[in-house]
There are 2 protein chains.
Amino acid sequence: MARELFADDTDAVLSRYAELLQREIIRTWEADGDSLAAMALYALGAPGKMLRPILLLESALAVGGQLEHVLPAAVGTECGHAASLTHDDIIDGDEIRRGQPAVHRRFGLDDAIVAGDALIFQLFLSLARCRHAGVPGERVAAALEVVATAGVTLCRGQILESEITVRQHCSVGEYREMIAMKTAALFQGTCMSGAILAGAPEPLCEALGRYGRELGIAFQIADDLLPYLSGDETAGKPSLSDVRNRRLTLPVILAQEAADTTDLAALGMAFGGAMPASEALEAVRGVLERTSAMTHCVHMAMAHADEAQRALDHLPPSASRERLAVFARYAVIRQSLRRRPGR
Amino acid sequence: MARELFADDTDAVLSRYAELLQREIIRTWEADGDSLAAMALYALGAPGKMLRPILLLESALAVGGQLEHVLPAAVGTECGHAASLTHDDIIDGDEIRRGQPAVHRRFGLDDAIVAGDALIFQLFLSLARCRHAGVPGERVAAALEVVATAGVTLCRGQILESEITVRQHCSVGEYREMIAMKTAALFQGTCMSGAILAGAPEPLCEALGRYGRELGIAFQIADDLLPYLSGDETAGKPSLSDVRNRRLTLPVILAQEAADTTDLAALGMAFGGAMPASEALEAVRGVLERTSAMTHCVHMAMAHADEAQRALDHLPPSASRERLAVFARYAVIRQSLRRRPGR
């Protein structure tokens, strides 16, 4: 009962943050009111859960920072995330995002490339604007290094992912390394930069960085489970995307390890690219069930979520720390039960 | 005679800068030694003239800055430029860049999008690293705002250009506004950030910003002349690109204004998209000659180069100021006589 009340309260706080961020995002772009602004706002999408910017806000607040000081950086984080989705959808050939046509379907490939670039630049422009919101330049410069490093790492992870896709082979360790770069680096950079902007001492910045990294890994594993859990109704992007793009994600890698000869052949066929994607998806789901790969995956995601929670032990007690713990506690379950948050 | 000696000396200094920058660029990426680094180095291309990073170095030196303090930011500028070329070549469908296959031809569309993104992130990571080279964080944060603003403006200019291409109509004023965003904003941001990182007082930063902006406009006008001046042999990218992409550049806009009914129809045909690009190019060249549009263009470029030189009057005398003046003086001529520098 107490936990439910607490979770309700958390939900109310998160809704307030999301509204505040949505207003700030619109204010950031609408001032210009031109075609690029319209594309950027489209890419930023219908009001979502704003997971990443809320992580930045809570990280700053958890170390004694002020919300209004870091709000621009939080907006920037959401811009950076939207940039990555915009370019990802081109690369994956995904046509639907959050229930509406992907940016490249709505505006064409050329403008989608430019809109993604603009959103990356806005990530950094928003970070710079923290200076005008009261953050000393020294902190902005330190956060810049963390955020830019996360960006390069993200790209490195994407290239590694495309190499894995070509060779159609990947160990669990390499998968973890890949998602640590592709997804967790940005979570890590987001939490860490929130703490840096708030002026936290280094051990606290590091602790929040670890929290973000582990949460990001848990989040990506849970995200990779989604296509195999159920139909399109639970996922913001179509369930067929991963199979169609022959993407080796954790459930498939674990299934490969545990499968007998017949199931191994079935997986090979499904990821061979010759089968219609919907048939391939059904075949993979069958193998995953027989090999208990899904359960194994959920346990791995949970272990990373636990690590994330443990990283918070280094922080002083606060409502923000508690909410960060809630994120970690429910990351995997929420991902599995609801539409993909933040995607 | 004196001028020639001076120019020779300038060339020697510029060669030394270019070598230094080339070494730094390789050092920046080779430390990682993975596929992304290989793509980034490929995108950064054969040692070029390094126009933009040299502008940053000279801007810093012209206000009393130290080269080693701002060297990382200069490397970043070249990364940002390479990012823009990488994504531009996808958008324009250009297959050759600096005499070798464009990044998307060499590595495929998907990886070229990611490589471009990584180069943008590296632009900001390199800027952040100036802190470790001795620049106070306050200056890095101030430069960040200028560079990120230039990036968003660049994207805005690209979207405006694509709108102009669709409607196939553009006034001289609108063209100037478009290239001021698409090209000159980055020149402006580059020169200004060099001055900011060097700790120059605001009026000097503004003067160098104006210099960069006017030089950038002159540079882009001269660049837009190239396809109509001669064959492929003078241009780093194929002469047919602008006609094939139905791009309304200054020579064409001026020709439209001065053309008689026959020539206007010829231009309409050439940019209608139905004619083979090589025939269209010849037709346009004929009209440009008859309307004196080329001469008119050169005069406009020269006027902006003169403005750039005048902006330097606000700076104290120095060898760097003199070299910046040389850039402005020869920007248009060099562009016309040689291979496109810096592209």
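Where in chain B does B:Ser292 lie? Select it and see: B:Ser292 sits in the loop between helix H13 (277-290) and helix H14 (293-311) of chain B. Keep in mind as you click around that this is a predicted model.

**Stop 1**

Most residues other than glycine have a negative phi. B:Ser292 counts as exposed because it has 12 C-beta neighbours inside 10 Å, and the cut-off for exposed is 12 or fewer.

Now jump to B:Arg98. This one lies in the loop between strand E1 (96-97) and strand E2 (100-101) of chain B. B:Arg98 isn't a glycine, yet it has a positive phi of about 50°. With 14 other C-beta atoms within 10 Å, B:Arg98 is partly exposed.

**Stop 2: B:Ala31**

Select B:Ala31 next, in the loop between helix H1 (2-30) and H2 of chain B. It has 8 C-beta neighbours inside 10 Å, so B:Ala31 counts as exposed.

**Stop 3: where the chains meet**

Show both chains and pick out the contact, which takes 36 residues from chain B and 36 residues from chain A. On the chain B side, helix H2 (35-44), helix H4 (67-92), helix H6 (109-129) and helix H7 (137-167) each supply at least two residues. Colour H7(B) separately: it gives the most to that side, with 17 residues. Colour by residue class instead and the side of chain B that touches chain A divides into 19 nonpolar, eight polar and nine charged.

Which surface does each copy use? The copies meet through the same surface, since 100% of the interface residues of chain B are also interface residues in chain A.

A rotation of 180° with 0.0 Å of shift along its axis puts chain B on chain A, at an RMSD of 0.0 Å. The two copies are thus related as by a two-fold rotation axis.

**Stop 4: confidence**

Finally, colour chain A by pLDDT. The average is 90, and 92% of the residues score at least 70. Confidence in chain A is highest in helix H6 (residues 109-129), at 98, and lowest in helix H1 (residues 2-30), at a mean of 80.

Then look at two stretches of chain A. Over residues 1-6, pLDDT stays under 50 and the model has zero contacts beyond four places in sequence. Over residues 338-343, pLDDT also stays under 50, but here the model has 17 such contacts. For the model overall, ipTM is 0.92 and pTM is 0.93.

Methods: Residues are numbered from 1 along each chain as its sequence is written. Chains are lettered from A and ligands numbered from 1 in the order in which they are written. This is a predicted model: local features need pLDDT of at least 70, side-chain atom pairs count only at pLDDT 80 or more; totals for chains, interfaces and linings use all residues. Copies are superposed by least squares on the C-alpha atoms of residues with pLDDT of at least 70 in both. Two residues are in contact if their C-beta atoms, placed from the backbone, lie within 7 Å. Helices (H or I, at least four residues) and strands (E, at least two) are DSSP runs, numbered from the N terminus. Ala, Val, Leu, Ile, Met, Phe, Trp, Tyr, Cys and Pro count as nonpolar, Asp, Glu, Lys and Arg as charged, and the others, Gly among them, as polar. pLDDT is the predictor's confidence in each residue, from 0 to 100. A residue is buried if 20 or more other C-beta atoms lie within 10 Å of its own, exposed if 12 or fewer, and partly exposed in between; C-beta atoms are placed from the backbone.
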